[in-house]
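Subject: Handover of a structure

Dear colleague,

Please find below the sequence and the structure that I am passing on to you. A short account of the findings follows.

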Amino acid sequence: MPKGLKDGPFPTHYEPLESPVSNELYSHDTNPAEQWFARQENRFAPPGDPRFPYVLTTYRLTEHHTAGGMSRFLSHLAKLQPEMFAEISPELATQHKINNADYICVVTLRGAIEARALVSRRIRPLALNGKTVHQVALPYHYGTAGLVRGGAANDLLTISGEPNVTIMEAKALTCNIVPGRLPRGPAFAEFLNKYAPQTGPTILHPEERSFRKGQSGGGHAHEGKTWM
Amino acid sequence: MIGEGTQSTNQRRHNYLQENVEVGFFTDPTVCIGCKACEVACKEWNEVPDDGFTWLGNSYDNTGHLGASTWRHVLFLEQDRQKGSQIVSSHSLGSGDGEDPFRWVFLSDVCKHCEEAGCLEACPTGAIVRTEVGSVLVQNDVCNGCGYCVVSCPFGVIDRRPQPLPDAGGAFKCTFCYDRQKSGLPPACAKVCPTESIVFGRLDDLRARATQRVQQLREHGYADAQLYDPIDTSVRGTHAFFLILGEPEAYGLPPKPQVPTIHLKSAWTAAFATAIGALIATLCAFAFL
């Protein structure tokens, strides 16, 4: 038996902190040992939030390294994957009237980025509790500097901590997509407020109360501006 | 075969150049993982300049095709077909029940180094030569940039480098890493290929290996596995041949490549006949004056 695991010893299933569905196994949706960092800019959409109906996942490409800080500056690597894209299924593309290579915006409760749509059958919709849930897949190698630039997937993520290694949940979140280019400047704030209202409920995490009843929280998880 | 690891000829030092042994590439897409290490290694070793940053929206392929500044190109093919004994998903939205096959195939394309090379035959300056190991080499210091080779290549491999890139105007293509081979080293792309999808070695060894591999794949359910090695065409075989799943057209490979020089005889005959005809017509015109 592995010793020292904070959420062991046996594997089980909990939903991610943001999920389109509730947990079918337990009354508790998410891993009770998980740390979440609650503050106004780091809000989580509740399970099944109709504003964010799609599953968002991030992944890496062989051509880039980590967030691209090195590979975006090397021409031989950068030219092989030169622009931020979002992979979606043909079904989702048809639903939103998106063509391959069109610009789309990916929106979560934390932010919005622009990406080119890469429509592929490799991305398959999920069948969850008899419901079809579409997926949006983003590489996370782009940023504002280098030979190639693009939206940073990190802008969309929540800040949370897996119990053992304190890495944020970047592989399963919920999002929405909006066809078209992302507005810049003051129009961006308006856009973001429209699709992800920046004035949210005081409960920043769906399971905040039941989970940490009577506790002040641990570690640096609760040093957020709005946490009291 | 698979599992041979570093025991294959990809990693060994060799003496092929001194021994005048014909060498080649055998490329097998069934083990290719689409990492593009061959593209990067080729550009690194040969100091090929970058030729722009364009996202193509064609699967993970942002190179497009071979050219003056792309000597290795990994092709990404998404097809609604079954791959080998792959378990076919039945979950399909919209199309209802039934099987819904899908496969993603990668193939690293390269100059074929033809036995009868169109570029070499068209080159008026002698810049394109046949090397000791059977490969076709463009000597850039001799090339005058006329571009005859570009239209003579049956595979569309060779191209002239546009401004403002270094050495613009001249024709470029894969050199089979002739400089590395002089030192007994395998070409850069084969050396870095992590799955040995690209195998470098003696041409006769590779042909035997390729035949064996096709056999092996067919036994494992890859009914559409075949070898692309156009020996029966006017190209008379290549020094870079490919195992492909399905038809060559899907990979941008001509099913029957032709060296343009096979049309020389008929073209000259036609030109000669026309000249004679024109002469007779002129004489007739004067005869009836």
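From the N terminus on, chain A runs β-β-α-β-α-β-β-β-β-β-β-β-α-α, where helices (H or I, at least four residues) and strands (E, at least two) are DSSP runs numbered from the N terminus. In total, chain A has four helices and 10 strands.

This is a predicted model, in which local features need pLDDT of at least 70 and side-chain atom pairs count only at pLDDT 80 or more, while totals for chains, interfaces and linings use all residues. Residues are numbered from 1 along each chain as its sequence is written, chains are lettered from A and ligands numbered from 1 in the order in which they are written, and side-chain values use heavy atoms, with hydrogens and water left out.

In chain A, six strands close into a barrel in the order 2-8-3-5-4-10, with mixed pairing; two strands pair if DSSP finds at least two bridges between them. Within this sheet, neighbouring strands are turned by 45° against each other on average, direction ignored. Strand 4 (residues 103-107) and strand 10 (residues 173-179) of chain A run antiparallel and are joined by four bridges. C105(A) stands opposite V178(A) in strand 10 of chain A. Helix 3 (residues 186-195) of chain A lies across strand 4, strand 5 (112-119) and strand 10 of chain A, at about 60° to strand 4 of chain A. Axes are lines fitted to C-alpha atoms, for helices over the stretch in contact (heavy atoms within 4.5 Å), and angles run from 0 to 180 degrees between N-to-C directions.

Buried residues (under 20% relative accessible area, 1.4 Å probe, protein chains only) make up 49% of the 228 residues in chain A.

Helix 7 (residues 203-219) of chain B has 17 residues and reaches 24 Å from its first C-alpha to its last. Among its buried residues are L203(B), R209(B) and L217(B). The buried residues fall within an arc of 140° seen down the axis of helix 7 of chain B, so they line one face of the helix; the arc is that of the directions from the helix axis to the C-beta atoms. They pack against strand 1 (23-27), strand 8 (198-202), strand 9 (225-228) and strand 10 (240-245) of chain B. Just after helix 7 of chain B, G221(B) takes a positive phi of about 95°.

T27(B) is found in strand 1 of chain B. T27(B) is buried, with a relative accessible area of 1%. Not counting residues up to four places away in sequence, T27(B) touches residues including R72(B), L107(B) and F241(B).

With kind regards

Note on methods. The expected span of a helix is 1.5 Å times one less than its number of residues. Buried means under 20% relative accessible area, exposed over 50%, partly exposed in between (1.4 Å probe, protein chains only).
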